[in-house]
Amino acid sequence: MAWQLISATPSPYARKVRIALQEKGLDFELKTEVPWDHTTETPQYNPLEKLPVLVFNDGRPAIYESHYILEYLETKFPEPSLLPSLKDADDRLLAKQIEVVADGICDALVLAFFEGLREEDKQSKPWRDRQMRKVEGGLRALASWVEQSKSGYLVQNRLTYADLAAVSVLGFMAVRLPQHKWREQYPHLEEYWKRLEERPSFVNTRPVAQKFTDPVV
Ligand SMILES: N[C@@H](CCC(=O)N[C@@H](CS(=O)(=O)O)C(=O)NCC(=O)O)C(=O)O
């Protein structure tokens, strides 16, 4: 039995791991679920009850938290590499910083999305505005990194975790916040996103909205 990746169709965090596993040629079974439904398996493996979770097939404890899973994969399976080497420490750290910003945009988007699902009179506009400020700030940072890129990739001249994280959040925006004007606001960011979305490991991990069975409370 291959490793299992517990994932959800819209998850930008899980998408990073799905792409990395494919880019590194690692065999895995995709286990798609809705982590807010009572049927979720995440609590069996992750005390934080979140996906993605990578479940091994040899009894080793499962691992969770997307950036940690990516670190694990790069450490254990360094070729083909998806991070600059330690001798290029600044580039390696920049790739991780870009992942921090991309994941942070996702975190804010998730909080704003669920706030918007509450009954109108229970929603906090200041709270949603705060989250959307983080989304705007994060997009501005990603757009700036794209402007600085000479190679078509965010760090050095090849695919790294920075690109997996940036493209995953932009694809998530397209699903969760299709009315947002980031593509008009940052045309180079849109060009970068569309170009990378054509890579096979991105094509077959495109995000899709999910249906909740249980109310998310
Ligand atoms: N920091 C975590 C965030 C993961 C996360 O928030 N996952 C969501 C699913 S999704 O938003 O990615 O689709 C989840 O499991 N949420 C369930 C919960 O928060 O209880 C990571 O990077 O793995």
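Colleague: Why is Met173 called buried?

Modeller: In this predicted model, local features need pLDDT of at least 70, side-chain atom pairs count only at pLDDT 80 or more, and totals for chains, interfaces and linings use all residues. Residues are numbered from 1 along each chain as its sequence is written, and side-chain values use heavy atoms, with hydrogens and water left out. Buried means under 20% relative accessible area, exposed over 50%, and partly exposed in between (1.4 Å probe, protein chains only). Met173 has a relative accessible area of 0%, so Met173 is buried.

Colleague: Where is Met173 found, and with which residues is Met173 in contact, leaving aside its neighbours within four places in sequence?

Modeller: Met173 is found in helix α6 (residues 161-176); helices (H or I, at least four residues) and strands (E, at least two) are DSSP runs, numbered from the N terminus. Contact means heavy atoms within 4.5 Å. Beyond the neighbours within four places in sequence, Met173 is in contact with Leu109, Val135, Leu139, Pro178, His180 and Trp182. The C-alpha atoms of Met173 and Phe114 are separated by 14 Å, the two residues being 59 apart along the chain.

Colleague: Does the term buried or partly exposed apply to Phe114, and which applies to Phe113?

Modeller: Phe114 has 14% relative accessibility and therefore counts as buried. Phe113 has a relative accessible area of 22%, so Phe113 is partly exposed.

Colleague: What makes the rings of Phe56 and Tyr72 a tilted pair?

Modeller: A pair of aromatic rings is described by the distance of the centres and the angle of the planes. Rings of Phe, Tyr and Trp (its six-membered ring) pair if their centres lie within 6.5 Å; planes under 30 degrees apart count as stacked, over 60 as edge-to-face and the rest as tilted. The structure holds eight aromatic pairs. For Phe56 and Tyr72 the centres are 5.3 Å apart and the planes stand at 45°, so the pair is tilted. This pair links distant parts of the chain, 16 residues apart: Phe56 is in the loop between β3 (53-55) and β4 (63-64), and Tyr72 is in helix α3 (residues 66-76). Both Phe56 and Tyr72 are buried.

Colleague: What is the geometry of the aromatic pair that Phe113 and Phe114 form?

Modeller: Phe113 and Phe114 form an edge-to-face pair, with 5.1 Å from centre to centre and 75° between the planes.

Colleague: Why does Gln210 count as buried?

Modeller: Gln210 has 14% relative accessibility and so counts as buried. The place of Gln210 is in the segment after α9 (200-203). Leaving aside neighbours within four places in sequence, its contacts include Ala8, Thr9, Pro10, Trp36 and Arg176.

Colleague: What sets Glu49 and Glu65 apart in backbone terms?

Modeller: Most residues other than glycine have a negative phi, and most peptide bonds are trans. Phi of Glu49 is near 55°, a positive value in a residue other than glycine, and phi of Glu65, near 80°, is positive as well. Glu49 is found in the loop between α2 and β3, and its relative accessible area of 47% makes Glu49 partly exposed. Glu65 lies in the loop between β4 and α3 and, at 36% relative accessibility, counts as partly exposed.

Colleague: Which peptide bonds are cis?

Modeller: The bond from Leu51 to Pro52 is cis, with omega near 10°; Pro52 lies in the loop between α2 (42-45) and β3. A cis peptide bond also joins Glu79 and Pro80, where omega is about -10°. Pro80 is found in the loop between α3 and α4 (89-117).

Colleague: How do you know that the radius of gyration of the protein chain agrees with that of a compact globule?

Modeller: The radius of gyration is taken over C-alpha atoms, and the globule rule is 2.2 Å times the number of residues to the power 0.38. With 217 residues, a compact globule would have a radius near 17 Å; the protein chain has 17 Å, so the value agrees. The protein chain has nine helices and four strands, and 48% of its 217 residues count as buried.
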